[in-house]
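I had a structure open today and went through it a bit at a time. These are my notes on what I looked up.

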Amino acid sequence: MAGVVVVGASLAGLRAADALARSGYGGGITLVGEEPHPPYNRPPLSKEALLEEQEFETIRLRSSAKGGAVTLVTGLRAVSADLARGLVRFSDGSETAFEGLVAATGLRSRALPIAKPAKGVVALRTFADLLRLRAELAGVREVAIIGAGFIGCELAATLTRLGYKVSVIAPEDVPMLRPLGEELGGALLRHHSAAGVEFGLSRLPMAIEGVERPERVVCDDGSSFAAQLVIEAVGSATNTEWLEGNGLDLSDGVLCDERLSFGGGGRFVAVGDIARFPNLSFDALPRRVEHWGIAVDTGRYAGKALGRLLGSGEAEAAFTPMPAFWSDQFELRIQSYGMPGLTTDPAAIRVLEGDLDGEVVVGYYREDTLVGVVLVGFAQSHMKYRAAVAASLEADGTSA
Ligand SMILES: Cc1cc2nc3c(=O)[nH]c(=O)nc-3n(C[C@H](O)[C@H](O)[C@H](O)COP(=O)(O)OP(=O)(O)OC[C@H]3O[C@@H](n4cnc5c(N)ncnc54)[C@H](O)[C@@H]3O)c2cc1C
């Protein structure tokens with residue numbers, strides 16, 4: 001009998017394989033990843049792994065499955081899958097049959113379609129990217145980061161702490177606008193600026209000029225930022241091409257039901273950054289959630305659900321996690337629970353405790369329901385506010 005193939009050997013895939021092994025599934029579990037490395041943790045890449053020049057072993061993820069329960073294959077890319085026949089094909093021409101499939105192929109960095117020199121322009125998603133970034137930093141004084149999302153902001157903080165002169169260029173008028181909103185984004189802008197980061201906001205980069213390496217980034221308002229190294233932190237694309245041809249909705253990741261399954265029957269599940277699923281605690285709209293914690297939770301849930309289905313034939317209850325993310329920038333620990341991004345109306349974003357330019361707790365409301373909180377500092381209050389979001393969602397009854 002064919003076993004389960006987990007495609008994508010990173011956080012979500014590893015946690016799914018481990019949970020499947022723990023469920024007692026005995027049909028054979030193969031975890032296949034394109035990268036040459038075993039699974040590792042990505043959050044340190046923009047933080048301590050760069051700051052402290054950590055080696056790979058420091059960020060490596062360990063399997064919790066008993067020895068031999070999961071077979072890891074690295075350096076092998078899935079190129080296509082035939083769900084009806086239960087076959088996945090790989091870049092070396094081999095094929096593997098499966099009775100269950102976990103799609104865990106995550107994201108890849110996007111690059112801007114603008115003129116740029118061949119060297120000195122990088123992105124950060126993988127350990128190989130980190131090695132390239134470290135090498136490219138040699139002899140550099142000024143770094144321009146394009147993009148003011150969480151990876152762009154974390155890199156700005158880390159590189160400033162390492163002594164580089166950093167500028168951040170982005171179309172929004174404050175950093176991390178989508179996850180934080182205007183006011184808290186404004187406070188973050190003041191914090192970064194006071195620490196020495198230069199911002200070129202409300203403008204679009206039009207070209208990275210330079211002969212062999214970058215010399216400056218030129219923007220649509222005529223402004224320019226000197227840089228010998230440019231980091232593009234402008235979002236990502238989903239790695240779903242290998243699933244094409246199966247009649248799936250792959251328009252933004254893999255469209256799943258509330259049990260993370262796709263393609264019907266429950267034997268195919270998607271986990272981590274590529275899974276687009278409805279979280280009925282909030283509403284029925286399927287969304288992708290690019291958080292470390294969701295990669296863990298989706299992996300654990302889907303591995304267990306698959307084990308149950310392939311074992312006893314029973315289905316798990318719907319997956320209704322509490323999303324959470326953190327970000328470290330300078331000495332700030334930013335922690336979020338729920339889905340603050342659901343609130344776009346500035347009037348529905350309120351300071352619950354503290355002060356925007358110090359430690360603060362901000363609440364994000366949808367009508368009267370607290371759908372998310374962001375804490376800057378207030379480490380001792382994390383569980384209290386997480387519980388407040390959960391209680392408010394339950395009282396709202398969307399999940400009923
Ligand atoms: C620099 C950085 C910093 C971050 N910091 C934070 C943070 O502070 N807090 C937070 O909550 N989240 C953070 N995240 C997000 C978090 O790391 C991700 O949510 C998490 O890694 C998602 O895991 P995943 O397993 O779904 O996907 P990924 O980690 O993207 O892994 C997917 C894997 O699949 C492989 N793959 C792709 N296509 C194929 C194929 N066809 N065949 C085989 N293998 C394939 C890829 O090579 C990759 O190894 C950060 C991410 C980055 C990049």
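Predicted model: local features only at pLDDT ≥ 70, side-chain atom pairs only at ≥ 80, totals over all residues.

**D328 and its contacts.** I started with D328 and set aside its neighbours within four places in sequence; D328 is then in contact with K47, E154 and R333. D328 sits in strand β21, which covers residues 324–329.

**On to R203.** I found R203 in the loop between β11 (198–200) and β12 (205–209). R203 has a relative accessibility of 17%, so it counts as buried. Which side chain does the side chain of R203 make a polar contact with? It's the one of S223, at 2.9 Å. Not counting residues up to four places away in sequence, R203 touches I169, A170, P171, C219, D220, D221, S223 and F225.

**Helix α7.** Next I checked α7, which runs over residues 182–194 and has 13 residues. From its first C-alpha to its last, α7 reaches 18 Å, close to the 18 Å expected at 1.5 Å a residue. I noted which of its residues are buried: L184, G185, G186, A187, L188, L189 and H192. Just after α7 comes G196, which takes a positive phi of about 110 degrees.

**Looking for holes.** Rolling a probe the size of a water molecule over the atoms shows where empty space is left. How many cavities of 30 Å³ or more does a search of the whole structure find? It finds 1. The largest cavity has a volume of about 40 Å³. I wrote down its lining: L180, G181, E182, E183, L184, P346 and I349. Here α7 turns up again, giving the largest share of that lining with 3 residues. By class, the lining has 4 nonpolar, 1 polar and 2 charged residues.

Last, I looked at the second largest pocket, which holds about 200 Å³ of space. It is lined by 15 residues, and the closest to its centre are L14, R62, S63, V70 and L72. Sorted by class, the lining of this pocket divides into 9 nonpolar, 3 polar and 3 charged residues.

Methods
Residues numbered from 1 in each chain as written. Heavy atoms only, no water. Helix = DSSP H or I, 4+ residues; strand = E, 2+ residues; numbered from the N terminus. Expected span 1.5 Å × (residues − 1). Buried < 20%, exposed > 50% of the residue type's maximum accessible area, 1.4 Å probe, protein only. Polar contact = N/O pair within 3.5 Å; in protein donor to acceptor, adjacent residues only side chain to side chain. Contact = heavy atoms within 4.5 Å. 1 Å grid on protein atoms, 1.4 Å probe; cavity = no way out; pocket = protein on both sides within 12 Å on 5 of 7 lines; lining within 4 Å. Points joined across faces, edges and corners; volume = space filled by probe spheres on them. Nonpolar A, V, L, I, M, F, W, Y, C, P; charged D, E, K, R; others polar.
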